[in-house]
Amino acid sequence: MYKNLFLRPILLIGFITVLFASCDKDYDELGTDIVGDNHFVFDKTYRTVAAHNQEVGPVASNGLAINPLGIYENPAFGTTKAEFVTQLVLSSTSPVFNNTDPTKFVALPTMDSVVMNIPYFSHVPSNAVITDNVKPYVLDSIYGKAESKFKLSIYRSNYYLRDLDPDQGLEEEQLFFTDNNVIGNNIDYASGVLNNSSNTAENSEFFFNPKEHKTKTIQNGEETFPRSAPSMRLHLDNQFFLDKIISTPTANLSSQSAFKNYFRGLYFQVQSTGNEGNMAMMNFSQGEITLYYKEDKIIPDDPTTTTVNEYQVDRVAKTFVLNLKGNAVSLHENSNMSSAYTSAINPANNTDPNGVEKLYLKGGQGSMAVVEIFGKTDLKGLALNPNYNSNLAVSASNTKYLINPAYNSNLAISDTNPKYVFTGPNGVSDEIDDIRANDWLINEANLTFYIDKDAMQNASAVEPNRIFLYDLNNNKMLTDYSYDNTPSSYPKFNKYIFGGILLDQEGKLVKQKNADGTFSSTRKGTKYKIRITDHVRNLINKDSTNVKFGLVVSESINSVAFAKRKPPITNGATIKSIPAMSVVNPLGTILYGSNPSVPIDKRLKLEIYYTKPKTGTN
């Protein structure tokens, strides 16, 4: 026992070395390179897991860092449509337009153009060939068939997105949910579609275009053609913005709050045109609307001169900017849901204590899994040593549990030679008590989720790059997540030791995208693996609570924010919130569950690598 404790730091250092070295090898090899010495044996075991499906339903979707927009079809689940509504913010309050004092203008301001620009997430591949300064951009965080078209219509919204909730005494943030039809029913259709350009690629045949923009400008009489990264660049209705911004009474622009109450916002509506469609993650808050207008500038006559009349009217080009900031809401609609999916998330089909055969994870207004580790059987417990001092290290004179006086240290610990005294039920799984009773040191613990490849084989079914496991009881991160600071050149793969990344059969990272940004129809994942080593150690060594886990798809695990489910919650009433990055991700995956009917090589596993003392070394 004492050699065991003495060796623990050495073992951990060796394990960490193996862990980082193995990042360039098979992910499944972790733990298998550890070699025992003359006093310790290294082994592997599997322990009980039970997992069930849980429908999520509508979720609060205001204030998300990024928001989906478009239509995404997944044959394994159905069709998801994501729309968006946002307030606008004035670049400056009380702007002065030359249209109020008749002595200062001859003609009223006129609008040349109104351009909305929202950057896409994009990059230029490191090995890209750049010809004639044209950069071959690839769009990131976009799902579905590349450049598939759908109808995009932008309207003025008539719905006021309040900051605070009057039902909560104006002391809490007003929540808006993904199924808020009231917002969708308050669109200013009378003012017409604002993105009414004759270029159909900006409206009726819109698609997420990966090409960079080339703009003609004239500086000092010379034409230049600056280029910029891909973005949603749309020409909006000139007359509408002339009337609503330039010509509106000044009181409407006197403050941000007055403007938000007056203008309300913009609604981004999407409609299928019969194509597959696609969906992009958008950072709308980086967007802006630039009004390009002209107004008079009068140079008055100088009364001190008598021979020359200096009076002159110039037409001056100016700009004014509206920012897509303020309150915003992501609105989702699921349709054509597969019968297998709707059946799987039905609460009546999730009552088997052993768990279900298939786990259906879907982002947005979708579904998650609830995972429990170690069995519920509790027939025995280890008797606590009444003299144990928790402020001191465990030692021969300060044991946490009572030593069995009949224990023979020259023999292996067993049912007939127990090291500790057992009592009756103690509120802890017997599987945990058995690990404690056998003096096992936990080197590594993982949950491995295998993908149902038959269900996900469709070429258009994009698999989530990442799934995320968290403490469902307390809506917080696991210690394994918090302690993992491993970075990646691609931020969405940060904390790769904690895992949850899409892997192939050999444990290698699956790259679903081709170099040009399109998705491969053949590169599919096999499994996801999530490390819960510290969590299991804490259960064994620190009497931590054996909490339930929540498992969701995630756009990025770098964010730890949660979004509330819409009340009243009738299904899974104890689950009040889910990770916000699951709300924005439209993807889904089908995983094999924990039910005994699942083939053993595909079944959800809690895999534990451990160290145990050899006979006669305790």
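## Ground rules

Because the model is predicted, local features need pLDDT of at least 70 and side-chain atom pairs count only at pLDDT 80 or more, while totals for chains, interfaces and linings use all residues. Residues are numbered from 1 along each chain as its sequence is written, and side-chain values use heavy atoms, with hydrogens and water left out.

## Two nonpolar cores

Let's start inside. A nonpolar core here is a set of buried Ala, Val, Leu, Ile, Met, Phe, Trp, Tyr and Cys residues joined through side-chain atoms within 4.5 Å; buried means under 20% relative accessible area, with a 1.4 Å probe and protein chains only. The largest such core has 74 residues, and Ile-373, Leu-447, Phe-449, Ile-532 and Leu-551 have the most contacts inside it. Strand β23 (residues 367–373) gives the most to this core, with 5 residues. A second, separate core holds 44 residues, among them Ile-118, Leu-152, Leu-253 and Ile-289.

Leu-447 is worth a click in your viewer. Leaving out residues up to four places away in sequence, its contacts (heavy atoms within 4.5 Å) include Val-49, Val-371, Ile-373, Tyr-528, Ile-532, Phe-549 and Leu-606.

## Helix α4 and its cover

Helices (H or I, at least four residues) and strands (E, at least two) are DSSP runs, numbered from the N terminus. In helix α4 (residues 256–263), the buried residues are Phe-259, Lys-260, Tyr-262 and Phe-263. Seen down the axis of α4, they fall within an arc of 165° (taken from the directions from the helix axis to the C-beta atoms), so they line one face of the helix.

The cover over these buried residues includes β5 (89–90), β10 (151–157), α3 (238–246), β17 (266–271) and β20 (312–323). After α4 comes Arg-264, with a positive phi near 75°.

Two strands pair if DSSP finds at least two bridges between them. An open sheet of 5 strands has the order β5-β20-β19-β6-β16, with antiparallel pairing. Its edge strands, β5 and β16 (231–236), each pair on one side only. Within the sheet, β19 (residues 288–299) and β20 are antiparallel over 12 bridges, and Tyr-292 stands opposite Thr-319 in β20.

## Strand β10

Strand β10 is largely enclosed by the rest of the structure, because 6 of its 7 residues are buried. It runs antiparallel to β17, joined by 6 bridges; Ile-154 has Phe-268 in β17 as its bridge partner. Strand β10 also pairs with β11 (residues 187–188) in the antiparallel sense over 2 bridges, where Ser-157 stands opposite Ile-187.

Conventions:
Buried means under 20% relative accessible area, exposed over 50%, partly exposed in between (1.4 Å probe, protein chains only).
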